Every structure is written in C-alpha cells, then in structure tokens.
Amino acid sequence: MAKELSRKTYKVAGGYEISVAEIPGDGPVVIFIHGSGPGASGASNFRNNAQTFADAGYRVILPDLIGYGQSSKPEADYPLELFTQTLLDALGQHGVTGGHLVGNSLGGGIALQIALDHPEFAVGKLILMAPGCVAEQASYFTMPGIAKMRSGFGSPDFNIEEQRRLISNLMHPSSLHHVTDALVEERFAVARTQPKDVLARVKTPDLGPRLGEVCQPIFVLWGLNDEFCPESHARLFLDACPDVRCLTFSQTGHWVQVERAQEFNRYSLDFLKNG
C-alpha cells in the first residue's frame, strides 16, 4: 500500500523558504536531489522512482531546491553553494543529518559538493544520473541540448507548448510517451512562478579535478544520447574515484530515472543494498 507524501516548509538563512516532501519509512534515508530547468521540482522529477524506494523500506526525502517547486524563488545569483547550504539547512530542520544521495544533473553536482565540502552531513552512497559540475561551466553551453532550451521562460510570453517542448528536449525521441499532459501542466504551473535568474544566473564550479577525494561508493548512470551533460564524463568518475561503477543506456537522453525508470529503480536499489 502506497504511503502518503507529506510536505513541510522551513525558513533558512537569507530569509528563504525551502519545501521538503517525504514518504515515510523505517529504513535508511534516501534524498532525491532534482536538476534544473523550467518547472523542476523534487516530486515531479522523481515521480517514477520515489514510491518504489519507499516500498523497499527507505525513508524518501524529496526537497525542492531554492528557485524551484514550492521553495523560494529569488531574483538573485544562484551559485552551487546557495543550493547546497539552503538544502542542508532545511534537511537539518527536518531531522535529516545524513543519508544516501540521489542526484540528477545539477542535483548530481549538489550531491558531489555535499560529499566533498560538508563532512558534517553523513553521506552514505551516491547515485548520480548525468551529474553536472564536473567540467567548466562554459563547456556545458556548447552542448546541443542547451541551444534547444532557448525559450520565453521568465517572461509573460512563456506558454505551455514551450514547456512541452523543453521537457521533450530532455529525452530521447523513443521516450516521448513520458511527456504526459499532466507532467507538462504540473511543471508549467511551477515555471510560471520562476524568475529567469534561476537559469541565467546559475554559477557552477568544476568539481572534476576533485572527484578522487570522494570516498563514498558511487553509482553513475548515463544516457548515451544525453545532449546536456556528455556521456563521456562518466570516464572522469571511472578514472578518478576509488569506488565507482557506471551504467550507460542506449537510446536514452538526460533523464535516465524517467526514461529507464524500472531499470534505474532495480539497479539503484541493488546498489544501495549490496554495493
């Protein structure tokens, strides 16, 4: 029987509010950290995964990053540390001081920064889907997916069909059946509340040279056809990290956890249980 998702909002440094959703469980904590993009949120990005992890006994945490979901959306710079600090502040108030981290894209970069720079948070294992922040920020802007993301986002002209196109760009053409009307409408409702700063003023470091410092076990999953974070970056982890395994999917774009949900869930749960 599915457990009900609950939500709480916490005041954090800077006067911002961070929304944290949870599916309760008696087992270890698993924190899902979503990526960027118009309309993103914890619940919508991991809808095909969270309940499966909860059914396996984990305590599932689904935060909305600053600038996203039901959290504060300031007109400001968005350095990686802002995401990290506000997230950790809210998690601490929620009674979460450690756990396994599951991060996609920007969320993968946040997970890495927590593991590298915040030893006060007890990171267990890392599951990273096409993680960002492992190369210079400028290099990501050369990717074809970024060019396709140009839109009226952040202006009154942004419309629901643009929202549909932006979601579709994240996936391989064979996965477009996942772009449902409900998903488009849910993300559009969030996107209309976001300032353009959420994307235009993001500042990410290159954590690639520091990957060898991550001592936690890492599971990296990547779509071969990812047009946002190149699949070749998987080799950075394989070359540098002391405890890493990698899985690449053909005919898959930037959203492994959506496009290959059943496989993602099965392989990830096995990794958490058996290493």
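**Close-up views of a predicted model**

Phenylalanine 264 is buried, with a relative accessible area of 0% (buried means under 20%, with a 1.4 Å probe and protein chains only). The model is predicted, so that local features need pLDDT of at least 70 and side-chain atom pairs count only at pLDDT 80 or more, while totals for chains, interfaces and linings use all residues. Residues are numbered from 1 along each chain as its sequence is written, and side-chain values use heavy atoms, with hydrogens and water left out.

**View 1. An aromatic cluster is formed by Phe32, Phe46, Phe53, Tyr58 and Phe264.** Rings of Phe, Tyr and Trp (its six-membered ring) pair if their centres lie within 6.5 Å, and planes under 30 degrees apart count as stacked, over 60 as edge-to-face and the rest as tilted. Phenylalanine 53, at 0% relative accessibility, counts as buried, and its ring and that of phenylalanine 264 have centres 6.3 Å apart and planes at 35°, so the pair is tilted. This pair links distant parts of the chain, 211 residues apart, with phenylalanine 53 in helix 2 (residues 50–55) and phenylalanine 264 in helix 12 (residues 261–274); helices are DSSP runs (H or I, at least four residues) numbered from the N terminus.

**View 2. Helix 8 (residues 181–191) has Leu183, Val184, Arg187, Phe188, Val190 and Ala191 buried.** These residues cover an arc of only 160° around the axis, which puts them on the same side of helix 8, the arc being that of the directions from the helix axis to the C-beta atoms. The buried residues of helix 8 pack against helix 1 (42–45) and helix 7 (160–169), where contact means heavy atoms within 4.5 Å.

Conventions. Buried < 20%, exposed > 50% of the residue type's maximum accessible area, 1.4 Å probe, protein only. Helix = DSSP H or I, 4+ residues; strand = E, 2+ residues; numbered from the N terminus.
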